[in-house]
Amino acid sequence: SSTVQRGEDGALSVGGVDVRELVGEHGTPLYVVDETDFRARASAFRDHFGEAFARHGAEVDIYYAGKAFLCSQVSSWMHEEGLHLDVASLGELEIALRGGMPAARIGLHGNNKADDELRRALIAGVGRIIVDSFTEIEILDALARELGVVAPVMVRVTTGVHAGGHEYIATAHEDQKFGLSLASGAAMRALLACHEAPHLRLSGIHTHIGSQIMSIDAFRESAERMLGLRAAFTASTGDELPEVDLGGGYAIRYTEDAEALDPAEAAYAIADAVAAVMETVGGTWPRFSIEPGRAIAGPAGLTLYRVGVVKSVDLEDGGRRAYIAVDGGMSDNMRPVTYGANYTAAIASRESSADLVASRVVGKHCESGDIVVRDVRLPLDVARGDLVAVPATGAYGRSMASNYNAALRPAVVSVRDGQSRVLVRRDTIEDLLALDVAPE
Ligand code: LLP
């Protein structure tokens, strides 16, 4: 992140706080969020997209996708930065509300929302519920009627644009669970059903084509198809849908040699593509929104681990690899084992001038796939007690953490201007035992 520095004695500091001091106070593993960087990434989306669309007289709302990492303080930061919030469950909704995000600025997602989630969203007065099935349209209309409210809805559209880093995170091709298909006509039928439902107010269409997307073309294509659908809706009803959401998915760099998508570049390219379509189809521009999660939270977070055991292993090709075991692993970062995700690592507590050797940072869980960083060159003298930092773990790290092997999920602390504060405290053994029902 932007405020990581190596001090004179070789130790890293983040947000002006020495990592040794952070772990001294909060233990390891530890997720560290650089608040300044997090906010700057959020406001950069707001400003770049705002400007790019303002050139055409249009407006954009930025919904931070809370699934990347959410806690009430982050909800409050996003509110202060003028963002909205995308939540995908009752739990995320409650956390967002606790942080003071106004319900009207929250959008609720989910392909199989429970009645309780929908009811709570309606009572809280969320700004939009993104409906994902005909079943949901019926249920929501009935719940809204029962509660005497009108539910603001958008329809989640499957555009057929195939994008995204890994099969499990691509979401707009036909053969997957999300959305209503544009090609088959289901999306249009859902729009008409919402339009006619007495207790729903249809505000627009939504799509999310995938995650860790590197290509602006995929976003452009998706925007074009969405505006085509909007024009078709106008042609058949005479009404213009006021809002179009293009989802998240902006790629970040996990390792030095990787590529990312530049939000500024994406903003202008998408706005221009939209302008070209609007020129052809005519009518008034909708209000746009996007939902970046990873691109805001990811680079702003790093994880600190303590090295426990180091082994050297002979490889078949005659080489050697250092296995550096740290005190966390797949329970605090599921991404390597789930998606084959790559990260990098560095010694955080000191500098070393030793030779670099092929290394693998592994966790402490009981399986060989428990890898934190598959391939990295680290100094030969990495030893028990050293702190290792793994950058770019701010998104989908803590939010996907588990208690596998009854691990205690690490704390999340934020740092800024030389100060740290706890965002989420570490699990304790008492927390674990509190959920366990003892024998009589
Ligand atoms: N909007 C919707 C409707 C989404 O489903 C998602 C992500 C986002 C926005 C935010 O996408 P982002 O900008 O963060 O790429 N666990 C996976 C990522 C799954 C993303 C699911 N939905 C990972 O660790 O890579």
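1. Beyond its neighbours within four places in sequence, Gly 293 is in contact (C-beta atoms, placed from the backbone, within 7 Å) with Tyr 64, Ala 65, Lys 67, Ala 68, Gly 248 and Ala 395. Gly 293 sits in the loop between β13 (287-290) and α10 (294-297); helices (H or I, at least four residues) and strands (E, at least two) are DSSP runs numbered from the N terminus.

2. The model is a predicted one, in which local features need pLDDT of at least 70 and side-chain atom pairs pLDDT 80 or more, while totals for chains, interfaces and linings use all residues. Residues are numbered from 1 along each chain as its sequence is written.

3. Gly 293 is buried, because 25 other C-beta atoms lie within 10 Å (buried: 20 or more other C-beta atoms, placed from the backbone, within 10 Å of its own). Arg 294, which belongs to helix α10, is buried, also with 25 other C-beta atoms within 10 Å. Residues up to four places away in sequence aside, Arg 294 touches Ala 68, Ser 211, Gln 212, Tyr 250, Ile 252, Ala 395 and Tyr 396.

4. Around the ligand there are 23 residues, of which Ser 211, Gly 248, Gly 293, Arg 294 and Tyr 396 come nearest (near: C-beta atom, placed from the backbone, within 6 Å). Two or more residues of this shell come from each of α10 and α11 (335-339).

5. Domain 1 (4-34 + 300-435) and domain 2 (55-297) both give residues to the shell, so the ligand lies between them; the bounds come from an automatic or database domain assignment.

6. An unreviewed UniProt entry annotates Gly 249, Glu 291, Pro 292, Gly 293, Arg 294 and Tyr 396 as "binding site"; such annotations may be inferred rather than shown by experiment.

Technical notes
A residue is buried if 20 or more other C-beta atoms lie within 10 Å of its own, exposed if 12 or fewer, and partly exposed in between; C-beta atoms are placed from the backbone. Two residues are in contact if their C-beta atoms, placed from the backbone, lie within 7 Å.
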